Amino acid sequence: SGERSKEGQVLNSHFPYIKQESNVALIVYYPNWDLEFTGIEGIEVFLYFEASRYDETTTSGNWIFGREEESYVGIRRHCVVDFEEGKYGICEDEKQVWVTIVGHNETHGSFEEFIDTTTKSDFSQDLKGRCIESEIKIDGQKIRIEYCRNMGAIFALILIFVFLSLSCCCCCFVCCRKKRRVWKACVNGTREKANELKNKISRKSSDMNGKPLVDRDADVESPSL
């Protein structure tokens, strides 16, 4: 899934959600929200199916089948499109559901019997809304998926960063308020002490102004020679 490089290789931008039972797999592609923040635009899914490498191939509706000797493979494509270069099938829908099944002559009989069993499967999907619901009953098995895409790692990191930033701001605000209160208390306490000292000095000055330093009426003995 994703864009192709200049060399023709597929560069995976997102991975599917897969639920498998024995030889059957139900595959859902639904890119996470964080891809929008990374600037990645390629959300298409590539099916690499080179028909020339199989002994026999055929299609039926959305299904494409291949046989190599006595081994079989069946793929239910989300989109029925022409193969580029004879091997690349591209589907560009945002929500996609694929099914794969493998079989063998010993378990499914001939290739035609394998195809008949597969095409008679009961498949359903609901792509409306935020989630994908899909179910398939095939080859005696039942697989159901209900998948809602995640916000993605990058989006989660952004939320965590915002939460931590807000927490730090709140802590700084509380600490600053406490420090301001302490500073005000210190300033007020210093002012009170200063006023108290000023009052004491004023009282002493008043006492000194009210009393002479020397009592002139007191008898003073002359020093004897």
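Visitor: Where is Glu69 found?

Guide: Keep in mind that this is a predicted model. Strand E5 covers 63–68 and strand E6 covers 71–76. Glu69 is found in the loop between strand E5 and strand E6.

Visitor: Is Glu69 buried or exposed?

Guide: The cut-off for exposed is over 50% relative accessible area. Glu69 has 61% relative accessibility, so Glu69 counts as exposed.

Visitor: What is the phi of Ser22?

Guide: Most residues other than glycine have a negative phi. Ser22 sits in the loop between strand E1 (17–21) and strand E2 (24–29). Ser22 is a residue other than glycine, yet its phi is positive, near 55°.

Visitor: How far apart in space are Lys128 and Lys95, C-alpha to C-alpha?

Guide: Lys128 has its place in the loop between strand E9 (122–126) and strand E10 (131–138). Along the sequence, Lys128 and Lys95 are 33 residues apart. In space, C-alpha to C-alpha, they are 9.4 Å apart.

Visitor: Which element gives the largest share of the lining of the second largest pocket?

Guide: Okay, on to the pocket. Its lining includes Val45, Phe46, Leu47 and Tyr48. The elements that give two or more residues to this lining are E2, strand E3 (45–48) and strand E8 (96–104). The largest share, four residues, comes from E3.

Notes
Residues are numbered from 1 along each chain as its sequence is written. This is a predicted model: local features need pLDDT of at least 70, side-chain atom pairs count only at pLDDT 80 or more; totals for chains, interfaces and linings use all residues. Side-chain values use heavy atoms; hydrogens and water are left out. Buried means under 20% relative accessible area, exposed over 50%, partly exposed in between (1.4 Å probe, protein chains only). On a 1 Å grid over the protein atoms alone, a cavity is a set of points where a 1.4 Å probe fits but cannot get out, and a pocket is an open set with protein on both sides within 12 Å along at least five of seven lines; lining residues have an atom within 4 Å of a point.
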